[in-house]
Amino acid sequence: MSGEYLNLRLVNPSTGATLYWFCPAEITDSVSKNNLFAADRAKAKGTIAVDKRIYRTEITIQGTAVPTSEMQPDHRTAVQTLFGASVVPARAQIRYLKALAEFAGGAYHLYAYEDTYSAASVDDLDYSGAHLLTGHTYPPVTFDEFRFNPEPGLARIPYTAKFVVGFPSSTGCA
């Protein structure tokens, strides 16, 4: 189990510092939505569908913020170092994630198992078949939605973080 916290982590693209370890958590949804042209035809003549191959990709992570006392030793040490405190309750971690989403904003790097969401430009993208076993490189991620249970007094707080995958500018550069 040691090191599992490294499977899903959010990283500051300018410094390379890990901002959050999603653990325990998992990717519960990965959506690639095609923006195709679709039009219905009268008198049951069939629908017209033109594949424009323009996709929007979304990643949803569901997890539970837990106090440092419930973490594995290496994960606990990493979180204690990040927060500069020996005891880090779940509520503090949720406030931190909410601040990253709402106030810091911008594009982040996401390391998700074999895949990385960290391409600095279109040239860095790698969807090749050669990397089917070792993972692909996608554009960075930006928070689209952050949900959590606001009930006070919870020691463990479930949350959902939804990200849109894409470059922060139309030039295709991070």
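Mentor: Start in helix α2 (residues 90-104): Lys98 and Glu102 both lie there, four residues apart, about one turn of the helix. Helices here are DSSP runs of H or I, at least four residues; strands are runs of E, at least two; both are numbered from the N terminus. This is a predicted model: local features need pLDDT of at least 70, side-chain atom pairs count only at pLDDT 80 or more, and totals for chains, interfaces and linings use all residues. Residues are numbered from 1 along each chain as its sequence is written, and side-chain values use heavy atoms, with hydrogens and water left out.

Trainee: Why is Lys98 with Glu102 called a salt bridge?

Mentor: The term asks for a side-chain nitrogen of Lys or Arg within 4 Å of a carboxyl oxygen of Asp or Glu. The closest N and O atoms of Lys98 and Glu102 are 2.5 Å apart, so the pair meets the definition.

Trainee: What makes Glu102 partly exposed?

Mentor: Buried means under 20% relative accessible area, exposed over 50%, partly exposed in between (1.4 Å probe, protein chains only). Glu102 has 47%, so it counts as partly exposed. Lys98, at 29%, is also partly exposed.

Trainee: Which label does Arg147 get, and why?

Mentor: Exposed, because its relative accessibility is 51%. Arg147 forms a salt bridge with Glu145, the closest N and O atoms being 2.6 Å apart.

Trainee: What parts of the chain does the Glu70 and Arg156 pair link?

Mentor: Their salt bridge has its closest N and O atoms 2.4 Å apart. The pair links distant parts of the chain, 86 residues apart: Glu70 is in the loop between β6 (55-65) and α1 (73-83), Arg156 in the loop between β10 (141-148) and β11 (157-165).
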